[in-house]
Amino acid sequence: MFSVGNPLTSQTATLASGLQQLLEYDGDVEETFCHDFVIESERYGQSVQVPLCPNGEQKALTNSNRAEFVKLYVKYLLDTSIWRQFEPFKRGFFSVCGGNALSLFRPEEIELLIRGSADPLDVSALRAVAVYDGWRKKTVIEDEALIEWFWEVFSEADAKQQRALLCFITGSDRLPAMGATSLIIKISCLGNEAQRFPIARTCFNMVGLYQYASKEDLHTKLWRAVAESHGFGLK
């Protein structure tokens with residue numbers, strides 16, 4: 001049986017629910033809904049009826065054709081109604097990203113490349129390839145308490161915070177296409193001025209930390225630095 005898909009559900013949950021109820025309605029659809037194959041649309045501030053198919057204004061909605069109606073309704077909302085706006089974007093996209101490589105991806109994978117993922121980062125993979133500079137210990141650098149605290153704070157954050165921290169360090173909230181292990185983060189020790197905030201140099205994927213006295217102090221100053229880095233702290 002036809003079902004309203006996720007693209008519409010994610011955009012207009014109430015409308016998607018109504019269309020799904022229409023599909024599942026047990027009574028006489030034509031008598032109850034008294035609707036034709038048209039959709040209400042606003043043009044230049046005025047409401048107009050747009051046929052969903054040739055002679056749609058003369059085609060009654062019934063139990064037997066309601067699945068067709070919903071398909072046409074969804075197609076109009078997600079395709080036909082935005083065609084004029086989408087075509088310039090499509091031409092621009094293919095002028096930059098066109099080629100046979102696109103055929104290797106499913107639509108979901110292309111969306112992931114463009115929008116990024118909302119999943120938590122693989123912090124352990126980032127930690128495995130990280131490098132360190134300016135620390136006292138020349139061997140087993142990760143024995144430094146401050147470094148352990150940093151990775152704990154990174155790991156304990158939710159997905160949104162993790163990506164904000166990644167953006168603070170690298171200038172992007174996304175991992176490289178080759179995965180987390182291809183992104184080498186440098187963690188530098190900046191000295192004992194523990195009242196100062198961490199700094200980042202995105203060109204070098206580097207974050208600089210001062211010798212904070214506790215994990216709580218690091219946590220507070222690190223997230224403050226991340227929050228204030230957007231737009232140079234201006235609201």
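Two strands pair if DSSP finds at least two bridges between them. Helices (H or I, at least four residues) and strands (E, at least two) are DSSP runs, numbered from the N terminus. This is a predicted model, in which local features need pLDDT of at least 70, side-chain atom pairs count only at pLDDT 80 or more, and totals for chains, interfaces and linings use all residues. Residues are numbered from 1 along each chain as its sequence is written, and side-chain values use heavy atoms, with hydrogens and water left out.

**Overall shape**
- The chain holds 10 helices and six strands.
- Its C-alpha trace spans about 80 × 40 × 35 Å along the principal axes.
- The chain has a radius of gyration of 27 Å, whereas a compact globule of 235 residues would have one near 18 Å. This radius is taken over C-alpha atoms, and the globule rule is 2.2 Å times the number of residues to the power 0.38.
- Of the 235 residues, 31% count as buried. Buried means under 20% relative accessible area, exposed over 50%, and partly exposed in between (1.4 Å probe, protein chains only).

**Confidence**
- The mean pLDDT (the predictor's confidence in each residue, from 0 to 100) is 86 for the chain, and 90% of residues reach 70 or more.
- Where pLDDT is low, the predicted coordinates should not be read in detail.

**The S1–S2 hairpin**
- Strands S1 (residues 38-43) and S2 (residues 46-51) pair in the antiparallel sense, over six bridges.
- Ile39 stands opposite Val50 in S2.
- Two residues lie between the strands of this hairpin, and Tyr44 takes a positive phi near 55°.

**Helix H4**
- Helix H4 (residues 66-78) has 13 residues, which should span 18 Å at 1.5 Å a residue; its end C-alpha atoms are 18 Å apart, so the two agree. The expected span is 1.5 Å times one less than the number of residues.
- Buried in H4 are Arg66, Phe69, Val70, Tyr73, Val74 and Tyr76.
- Seen down the axis of H4, these buried residues fall within an arc of 160°, so they line one face of the helix. The arc is that of the directions from the helix axis to the C-beta atoms.

**Cysteines**
- The structure holds zero disulfides (pairs of cysteine sulfur atoms within 2.5 Å).
- The closest cysteine sulfur to that of Cys203 is in Cys167, 13 Å away, which is too far for a bond.
- Cys203 counts as exposed, at 72% relative accessibility.
- Cys189 counts as buried, because its relative accessibility is 18%.
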